[in-house]
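Good morning, and thank you for coming. I would ask you to keep the model in view while I go through some of its helices and aromatic rings.

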Amino acid sequence: MKKFTKDEKFQAVRRYMDETISYRHLANEIGVDNSALRYWVKLYEYHGNQAFACPYTNYSSDFKLKVIQWIKDEGYSIREASALFH
């Protein structure tokens, strides 16, 4: 799979949001798995223009356990939690 730049991800998200196009159709068009496109859209929904500007971060075990408990308590998916907690 091709590596996408921050700008390419942002453009894909904007196309999804601005056009009447399905995840699957747009993902096939740009050459990415539709689950990755869904994740990009969630990142943008939660973090706006900063969605793709996140540097690599190490998270503590305590933080990871809190996120896992939050997922369990709130019923969110791992992908949703990942997008929310960046």
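Exposed here means over 50% relative accessible area, buried means under 20%, and partly exposed lies in between, with a 1.4 Å probe and protein chains only. Helices are DSSP runs of H or I with at least four residues, strands are runs of E with at least two, and both are numbered from the N terminus.

Two remarks on the source. This is a predicted model, in which local features need pLDDT of at least 70 and side-chain atom pairs count only at pLDDT 80 or more, while totals for chains, interfaces and linings use all residues. Residues are numbered from 1 along each chain as its sequence is written, and side-chain values use heavy atoms, leaving out hydrogens and water.

As background, an α-helix has 3.6 residues a turn, so residues three or four places apart point the same way. Just after α2, G31 takes a positive phi of about 80°.

How do α2 and α3 pack? Helix α2 (residues 23–30) and helix α3 (residues 34–47) pack at about 110°, and their axes are 8 Å apart. The axes are lines fitted to C-alpha atoms, for helices over the stretch in contact, and angles run from 0 to 180 degrees between N-to-C directions. The two helices are therefore roughly perpendicular to each other, a term for angles of 65 to 115 degrees; under 35 counts as roughly parallel, over 145 as roughly antiparallel, and the rest as oblique. From α2, the residues Y23, R24, L26, A27 and I30 meet N34, L37, R38, W40 and V41 of α3, contact meaning heavy atoms within 4.5 Å. By class, this contact has seven nonpolar, one polar and two charged residues. Ala, Val, Leu, Ile, Met, Phe, Trp, Tyr, Cys and Pro count as nonpolar, Asp, Glu, Lys and Arg as charged, and the others, Gly among them, as polar.

I turn now to the aromatic rings. The structure holds seven aromatic pairs. Rings of Phe, Tyr and Trp (its six-membered ring) pair if their centres lie within 6.5 Å; planes under 30 degrees apart are stacked, over 60 edge-to-face, and the rest tilted. Y59 and F63 have ring centres 5.0 Å apart and planes at 20°, so this pair is stacked. F63 and F85 have ring centres 6.0 Å apart and planes at 85°, so this pair is edge-to-face. The latter pair links distant parts of the chain, with F63 in helix α4 (residues 61–74) and F85 in helix α5 (residues 78–85), 22 residues apart. F63 is partly exposed at 29% relative accessibility, and F85 is partly exposed at 31%. Y59, F63, W70, Y76 and F85 form one aromatic cluster.

Leaving aside neighbours within four places in sequence, E80 is in contact with K42 and Y46.
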